[in-house]
Amino acid sequence: MKKLLLLILICLLAAEGSAQEEQNRVITTGVPFMLIAADARAAGMADMGVWTSSDAFAQQWNPAKYAFAISKQGVGVTYTPYLSQLVNDIFLGNITYYNRINERSAVGTSFRYFSNGEIELRETADQEPLRVRPNELAFDVSYSLRLSERFAMAVAGRYIRSDLRLQTGNEDANAANTFAVDIAGYYQSEEIAYDSFDGRWRLGFNVSNIGPKLSYDETGQENNLPTNMALGGGFDFILDEYNKVTVGLEVNKLLVPTPSDSNEDGTINREDDFYNESFVSGIFSSFGDAPDGFSEELKEFTWALGAEYTYQDSFAFRAGYFNESDEKGSRKFASIGAGFKYTSIGIDLSYLFSTSAVISPLEGTLRFGLTFNFGDEYDEY
């Protein structure tokens with residue numbers, strides 16, 4: 001009964017959210033789990049990872065970073081509870097592996113699984129429930145190559161499967177399948193000597209989830225993938241051989257058409273132009289299709305600030321803040337995190353605090369990650 005009430009609550013919230021989206025033109029996509037920070041290190045810095053130093057979880061944020069990895073190989077495993085204050089069986093699991101083939105190139109792969117938990121479907125209170133377990137997953141591989149001593153680019157290919165169908169619904173409904181690619185780049189400067197400290201610049205970009213729309217049946221609604229552009233940069237303050245402080249800024253924008261009532265019939269639906277736009281056309285038009293012009297386009301960018309303090313490369317403390325416009329989703333949160341490393345094993349933890357009236361589904365969630373690095377080490381510094 002608890003799950004049935006939860007399902008009803010989710011449906012009511014979705015209906016309310018839909019009305020709010022029509023009013024504020026919030027951009028929505030299919031498979032939004034692809035945008036959830038799967039690792040605790042990035043989550044501890046407010047979901048930043050496109051410009052930070054390379055680690056085992058670079059596959060989600062910027063696979064070009066693998067070409068600068070210190071260890072030859074690495075494996076990362078993470079577990080992220082979702083809606084943990086309501087249920088205990090909705091979660092995101094992730095496993096990642098990379099291999100730095102040589103001085104110039106590396107390959108990586110990851111598998112993400114998002115469980116929506118067990119849902120009980122019944123028409124009457126005394127009916128034997130039908131139990132279903134909707135889920136979504138993604139599997140990807142990447143190749144990164146250093147084009148110069150300080151700059152690398154990468155491409156990733158991804159298979160995405162979303163099985164959210166309900167057996168009591170449309171008989172033609174099937175699990176949705178599609179493919180996507182990422183294009184990424186990463187720059188890491190030499191260590192620069194200043195008056196009282198040394199420093200290093202880091203820059204990165206990633207255009208992720210470029211691919212065809214998802215559809216669960218032949219006549220059903222098509223859903224854009226969460227094609228996303230991430231740009232970021234940061235600086236390492238290397239205070240001495242033991243202490244380092246890294247600070248940075250990252251901005252993101254969904255490259256998806258803005259919902260708008262193009263036919264002026266009073267509703268935003270599949271009859272409007274944005275819905276029928278191809279994913280390729282939608283990527284380019286997303287920079288200038290907001291009905292209120294440039295001011296609304298700026299509101300579609302999110303930004304995050306973050307910092308990481310490391311001591312002897314064995315302990316790290318992290319903090320960050322994420323901001324999204326009130327008219328485009330109102331996601332606002334602060335995060336903290338910590339990392340511990342002993343020989344080749346690393347443990348990362350993070351915690352999120354909502355600072356908006358719209359409470360994050362990850363509010364009060366402790367995220368956990370485990371990393372194993374092995375093989376020879378490269379001298380990048």
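Visitor: Where is N94 placed?
Guide: N94 lies in strand 2, which covers residues 91-99. Strands (E, at least two residues) and helices (H or I, at least four) are DSSP runs, numbered from the N terminus. This is a predicted model, in which local features need pLDDT of at least 70 and side-chain atom pairs count only at pLDDT 80 or more, while totals for chains, interfaces and linings use all residues. Residues are numbered from 1 along each chain as its sequence is written, and side-chain values use heavy atoms, with hydrogens and water left out.

Visitor: Is N94 buried or exposed?
Guide: N94 counts as buried because its relative accessibility is 8%. Buried means under 20% relative accessible area, exposed means over 50%, and partly exposed lies in between (1.4 Å probe, protein chains only).

Visitor: Which residues does N94 touch?
Guide: Not counting residues up to four places away in sequence, N94 touches A38, F57, G76, V77, T78, S110, F111 and R112. Contact here means heavy atoms within 4.5 Å. The side chain of N94 also makes a polar contact with the side chain of T96, at 3.2 Å. A polar contact is a pair of N or O atoms within 3.5 Å; within protein, one must be able to donate a hydrogen and the other to accept it, and residues adjacent in sequence count only if both atoms are side-chain atoms.

Visitor: And how far apart are N94 and G369?
Guide: They are 275 residues apart in sequence, and 9.2 Å apart in space from C-alpha to C-alpha.

Visitor: What about Y97, buried or partly exposed?
Guide: Y97 is also found in strand 2. It counts as partly exposed, because its relative accessibility is 27%.

Visitor: Which side chain makes a polar contact with that of Y97?
Guide: That is the side chain of Q73, at 2.5 Å. Leaving out residues up to four places away in sequence, Y97 touches Q73, G74, V75, V107, G108, T109 and F374.

Visitor: Let us change topic. How many helices and strands are in the chain?
Guide: The chain has 6 helices and 19 strands. Of its 381 residues, 51% are buried. Among contacts in the chain with a separation of 6 or more, 60% are between residues 24 or more positions apart.

Visitor: How do strand 13 and strand 14 run?
Guide: Strand 13 (residues 228-238) and strand 14 (residues 243-254) run antiparallel, joined by 11 bridges. Two strands pair if DSSP finds at least two bridges between them. Strands 13 and 14 form a hairpin, with 4 residues between them. I238 has K244 in strand 14 as its bridge partner.

Visitor: What joins strand 14 to strand 15?
Guide: Another 11 bridges join strand 14 to strand 15 (residues 301-311), and these two run antiparallel. G248 has G306 in strand 15 as its bridge partner.

Visitor: And what is the bridge partner of G306 in strand 16?
Guide: In strand 16, the partner of G306 is G320. Strand 15 and strand 16 pair in the antiparallel sense over 9 bridges. They form a hairpin with 3 residues between them, and Q312 in the turn has a positive phi of about 55 degrees.

Visitor: Which side chains of strand 15 are buried?
Guide: T302, A304, G306, E308 and T310 point to one face and are buried.

Visitor: One last topic: S208. Where is its place?
Guide: S208 is in strand 10, residues 198-210. With a relative accessible area of 9%, S208 is buried.

Visitor: With which residues is S208 in contact?
Guide: Setting aside its neighbours within four places in sequence, S208 is in contact with V181, D182, P226, T227 and N228.
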